[in-house]
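Here is a brief report on the side-chain contacts and surface features of one protein model. Please read it alongside the coordinates.

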Amino acid sequence: MAKRPQLTGRAAILAVVVCAIAMSLAYPVREYISFRRSISELRAEKARVEAEKQALLARDRQSDDPNWIKKTAKERLHYCGPGEKCYVVMQPETGKEQTAVKQPPVVPPWYQTLWESVEAADKGTGQRAVTGKESVGR
């Protein structure tokens, strides 16, 4: 018997047709999956917005309660009702004297001092430094 070839013409055509169908379906399937993902993201965002809406509605209903208004005025605005004694405790302020004593004087870096002395010498506005020997002789 004669050997039949492994790949016949019909099999090759069938393989090409199957590949063409698979390639033509790849893009729509990818788009379908993308749309499903975006739909699920939009549903999650809608649920989040609905929860925020419910919280705002509850807060709006709460602001209609006169007791809540009084409580909020006392806490946030430090209001005091008629006949009540209210006290406000103030934190002690740190005086300017205290902060000045605690901070050591700022010494400029050596190169800044050197450059300022060079500029002063160029302008003629510099002063001669007084050392210990010269101050004793005067």
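The text below goes through the helices, the salt bridges, a surface patch and an aromatic pair. The model is predicted.

**Helix α1 and the annotated span**

Helix α1 covers residues 9-63. UniProt, in an unreviewed entry, places a "coiled-coil region" at residues 32-59. In the model this span is 100% helix and 0% strand. Its end C-alpha atoms lie 41 Å apart.

A nonpolar surface patch of about 690 Å² is also present. Its members are Ile-13, Val-17, Ile-21, Leu-25, Val-29, Tyr-32 and Ile-33. One of them, Val-17, lies in helix α1. Val-17 is partly exposed, at 41% relative accessible area.

**Salt bridges**

How many salt bridges does the structure hold? There are 2.

| Pair | Closest N and O atoms | Relative accessible area |
|---|---|---|
| Arg-48 and Glu-52 | 3.7 Å | Arg-48 48%, Glu-52 43% |
| Glu-84 and Lys-74 | 3.0 Å | Glu-84 38%, Lys-74 39% |

Arg-48 and Glu-52 belong to helix α1 and are 4 residues apart. That spacing puts about one helical turn between them. Arg-48 is partly exposed, and Glu-52 is partly exposed too.

The salt bridge of Glu-84 with Lys-74 links distant parts of the chain. Glu-84 sits in the loop between α2 and α3 (96-102). Lys-74 is in helix α2, and the partners are 10 residues apart. Glu-84 counts as partly exposed, as does Lys-74.

Helix α2 runs over residues 66-77 and includes Thr-72. Is Thr-72 buried or exposed? Thr-72 is buried, with a relative accessible area of 16%. The side chain of Thr-72 reaches the backbone oxygen of Trp-68 at 2.8 Å.

**The aromatic pair**

A search of the whole structure finds 1 aromatic pair. Trp-110 and Tyr-111 form it, with ring centres 5.8 Å apart. Why is the pair edge-to-face? The ring planes meet at 85°, so the pair falls in the edge-to-face class, which takes angles over 60 degrees. Trp-110 is exposed, at 66% relative accessible area. Tyr-111 is exposed as well, at 53%.

Terms used: Residues numbered from 1 in each chain as written. Predicted model: local features only at pLDDT ≥ 70, side-chain atom pairs only at ≥ 80, totals over all residues. Heavy atoms only, no water. Phe/Tyr/Trp six-rings, centres within 6.5 Å; stacked < 30°, edge-to-face > 60°. Buried < 20%, exposed > 50% of the residue type's maximum accessible area, 1.4 Å probe, protein only. Patch = residues over 30% accessible without salt bridge, like charges linked within 9 Å, V, L, I, M, F, W, Y side chains within 5 Å. Areas by Shrake-Rupley, 256 points an atom, 1.4 Å probe, with all protein chains shown as cover. Salt bridge = Lys/Arg side-chain N within 4 Å of Asp/Glu carboxyl O. Helix = DSSP H or I, 4+ residues; strand = E, 2+ residues; numbered from the N terminus. Polar contact = N/O pair within 3.5 Å; in protein donor to acceptor, adjacent residues only side chain to side chain. UniProt positions renumbered as here; feature names shortened; annotations may be inferred.
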